[in-house]
Amino acid sequence: MSSDAHLFCFNIALNERVQMDFNGFEPNSDIKMYRYSSALNHRAYNMARVFEHEYFGHFKQKSGGWADGGRFTMGSAVEITNVFNRQRNLPERLHYGDGFDSRIYFGEPLKGASPGEQRKAVREMVNKPGANNLFVEIKK
Ligand SMILES: [Zn+2]
């Protein structure tokens with residue numbers, strides 16, 4: 001297995017430390033394992049966002065994996081990276097995703113939506129590929 005296939009980062013033992021494998025990134029900060037859709041600004045999801053997720057989302061918040069969210073939802077460790085995306089006028093990450101979907105979608109969250117309404121909108125996006133051209137997907 002090449003180093004490209006390894007997870008690019010992970011946290012260990014309830015956030016005692018965060019490790020990042022810098023072999024997982026391209027020289028331009030893209031994440032090697034993902035293909036970026038043509039419409040997505042690569043800065044929406046790159047080495048900086050991964051660092052912010054791991055460091056601010058897991059290490060500083062002392063949160064475990066539960067803070068990631070799920071297939072159609074995002075937890076506090078994902079939401080914190082959206083703070084930085086909003087500061088930079090970048091599309092926000094809309095969910096965490098999981099092993100079933102190779103895609104992670106970005107865009108504008110529904111304004112004033114309840115968590116349930118937001119989850120429903122993301123579920124429809126995931127179930128209808130092509131509806132949103134702001135995504136990364138695992139390279140096949
Ligand atoms: Zn995480």
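Mentor: The chain averages a pLDDT of 84, and 85% of the residues score at least 70; pLDDT is the predictor's confidence in each residue, from 0 to 100. This is a predicted model, in which local features need pLDDT of at least 70, side-chain atom pairs count only at pLDDT 80 or more, and totals for chains, interfaces and linings use all residues. Residues are numbered from 1 along each chain as its sequence is written.

Trainee: Where is confidence lowest and highest in the chain?
Mentor: The lowest is strand E1 (residues 9-12), at a mean of 50, and the highest is E4, at 96. Strands (E, at least two residues) and helices (H or I, at least four) are DSSP runs, numbered from the N terminus.

Trainee: And the sheet: in what order do its four strands come?
Mentor: The order is E3-E6-E5-E4, in an open sheet with antiparallel pairing; two strands pair if DSSP finds at least two bridges between them. E3 (34-36) and E4 (92-93) each have a single partner strand, so one side of each lacks a neighbour in the sheet.

Trainee: How many bridges join E3 and E6?
Mentor: Three bridges, with E6 spanning residues 135-138. Arg35 stands opposite Glu137 in E6.

Trainee: Changing topic, which residues are buried in H1?
Mentor: In H1 (residues 47-60), they are Arg49, His53, Glu54, Gly57 and His58. A residue is buried if 20 or more other C-beta atoms lie within 10 Å of its own, with C-beta atoms placed from the backbone.

Trainee: What follows H1?
Mentor: Lys62 follows, with a positive phi near 50°.

Methods. A residue is buried if 20 or more other C-beta atoms lie within 10 Å of its own, exposed if 12 or fewer, and partly exposed in between; C-beta atoms are placed from the backbone.
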